[in-house]
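Please keep the sequence and the structure at hand while reading.

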Amino acid sequence: MSDKKEQEWFIAAELPVIFSDLLARFEEFGPLLAPTDPAQSLLSPKSGDIPSETIPLSSSLRDDHVKGHIKMKGTLITKTELSIEINNTPVPIKTVASIKEEEHNPWRLCQLGHAANYMFYVKQKCEDIAKGKVTDISLAKRALDFILDQIKRCKLQLVLPRQDVASTFNRNYCVFSPELPAGVLVNFHIKDIKLVLTISCLKNPQDLHVKDKYSLPKNAYCDRTIMLNVHWMTDIFDKLTQLQNEIQLVYQKLSVFNQAIYHKCRSSDGAVRDPVTAVREAVDDCC
């Protein structure tokens, strides 16, 4: 069997099995692959399949206090009950930042929606490989390059803060009930695999509806940032890294395939060995 035939055998027989096994583990990505808003993601499973997490919060800095809880469901913040007390202003502020779950008006975390879309494309490409639609080495490498790129983009959504924070805030501001006092700004986004809550009290309340979508008003009396752990988000990031490493191993197998097969298909005395056994041993050695 020629090197080309052996390579074709690996792509036709082994790759579909490897990616069928990977697809079976996509259920592990639970909340990220199950956003509740189809407009925010290409995936829209039943909301009953989406785990939720309630995050307690208690933070004090000098005379300022924030306490309460936040409930997340998939890519959404569906409920908040936050008591905010800020005294580092000319007029002390005591208010409640409340999102009522029964009103079905959640705060949409666009970063998680984007991350879910990237994983949709990963799953779609893995399905193509598992179904045997990738038929040669060039297509296989191109498919793996695409998958690795989408996983990288997905992970970045969980690490880097969204740049157009202001437009995100303006789009979500109406979710609070009752409305926040004039000049009080509360915002949520994702950074470093954590949920970030920011609270600002503006000197000029008219700056609330900012025009520059890449920055929030700077003329604030105070600006508090609170970072919160979300257990399922950390778990998913670890699983994404594991998936990324496993696919990189497959890519490495393809890259060294010809050289490994050449040596494995010949025994020490120069005789040609069984090609199926040789291919399997070569693939194992490339791990």
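## A charge over a ring

A charge is said to sit over a ring if NZ of Lys or CZ of Arg is within 6 Å of the ring centre and within 35 degrees of the ring normal. Lys-125 meets this rule: it lies over the face of Phe-146, at 5.3 Å from the ring centre.

## Basis of the report

The model is predicted, and for this reason local features need pLDDT of at least 70 and side-chain atom pairs count only at pLDDT 80 or more, while totals for chains, interfaces and linings use all residues. Residues are numbered from 1 along each chain as its sequence is written, and side-chain values use heavy atoms, with hydrogens and water left out.

## Aromatic pairs

A pair of aromatic rings is described by the distance of the centres and the angle of the planes. Rings of Phe, Tyr and Trp (its six-membered ring) pair if their centres lie within 6.5 Å; planes under 30 degrees apart count as stacked, over 60 as edge-to-face and the rest as tilted. By this rule the count is three aromatic pairs. The rings of Trp-107 and Phe-176 have centres 5.9 Å apart and planes at 55°, so this pair is tilted. Trp-107 belongs to strand β5 (residues 107-108), whereas Phe-176 is in the loop between α4 (165-172) and β6 (184-191); the pair thus links distant parts of the chain, 69 residues apart. The element names follow DSSP runs, numbered from the N terminus: helices are H or I with at least four residues, and strands are E with at least two.

Which arrangement do the rings of Trp-107 and Phe-188 adopt? Their centres are 5.2 Å apart and their planes stand at 80°, so the pair is edge-to-face. This pair also links distant parts of the chain, with Trp-107 in strand β5 and Phe-188 in strand β6, 81 residues apart. Ring pairs link Trp-107, Phe-176 and Phe-188 into a cluster. Buried means under 20% relative accessible area, exposed means over 50%, and partly exposed lies in between (1.4 Å probe, protein chains only). Trp-107 and Phe-176 are both buried, and Phe-188 is buried as well.

## Cysteines

A disulfide is a covalent bond between the sulfur atoms of two cysteines. Here the term is applied to a pair of cysteine sulfur atoms within 2.5 Å, and by this rule the count is zero disulfides. Cys-110 has a relative accessibility of 7% and therefore counts as buried. Cys-126 is buried too, with a relative accessible area of 0%.

## Helix packing

Helix axes are lines fitted to C-alpha atoms over the stretch in contact, and angles run from 0 to 180 degrees between N-to-C directions. Helix α3 (residues 137-159) packs with helix α5 (residues 231-255) at an angle of about 160°, and their axes are 10 Å apart. This makes α3 roughly antiparallel to α5; angles under 35 degrees count as roughly parallel, over 145 as roughly antiparallel, 65 to 115 as roughly perpendicular and the rest as oblique. The crossing of α3 and α5 is left-handed. A crossing has this hand if the near helix is turned anticlockwise from the far one by less than a right angle, and is right-handed if clockwise.

Helix α3 also packs with helix α2 (residues 110-130): the two axes come within 8 Å and cross at roughly 160°. Helix α2 is therefore roughly antiparallel to α3, and their crossing is left-handed. Ala-143 lies in helix α3 and, at 6% relative accessibility, counts as buried. The C-alpha atoms of Ala-143 and Asp-128 are separated by 9.1 Å, and these residues are 15 residues apart along the chain.

## Backbone features

Most residues other than glycine have a negative phi, and most peptide bonds are trans. The peptide bond from Ser-177 to Pro-178, however, is cis, with omega near 0°. Pro-178 lies in the loop between α4 and β6 and is exposed, with a relative accessible area of 56%. Its C-alpha atom is separated by 8.6 Å from that of Ile-99, 79 residues away along the chain.

Is Asp-192 buried, partly exposed or exposed? At 41% relative accessibility, Asp-192 counts as partly exposed. This residue is found in the loop between β6 and β7 (194-202), and has a positive phi of about 50° although it is not a glycine. Ile-193 lies in the loop between β6 and β7 and has a positive phi of about 60°, although it is not a glycine. Ile-193 is buried, with a relative accessible area of 18%.
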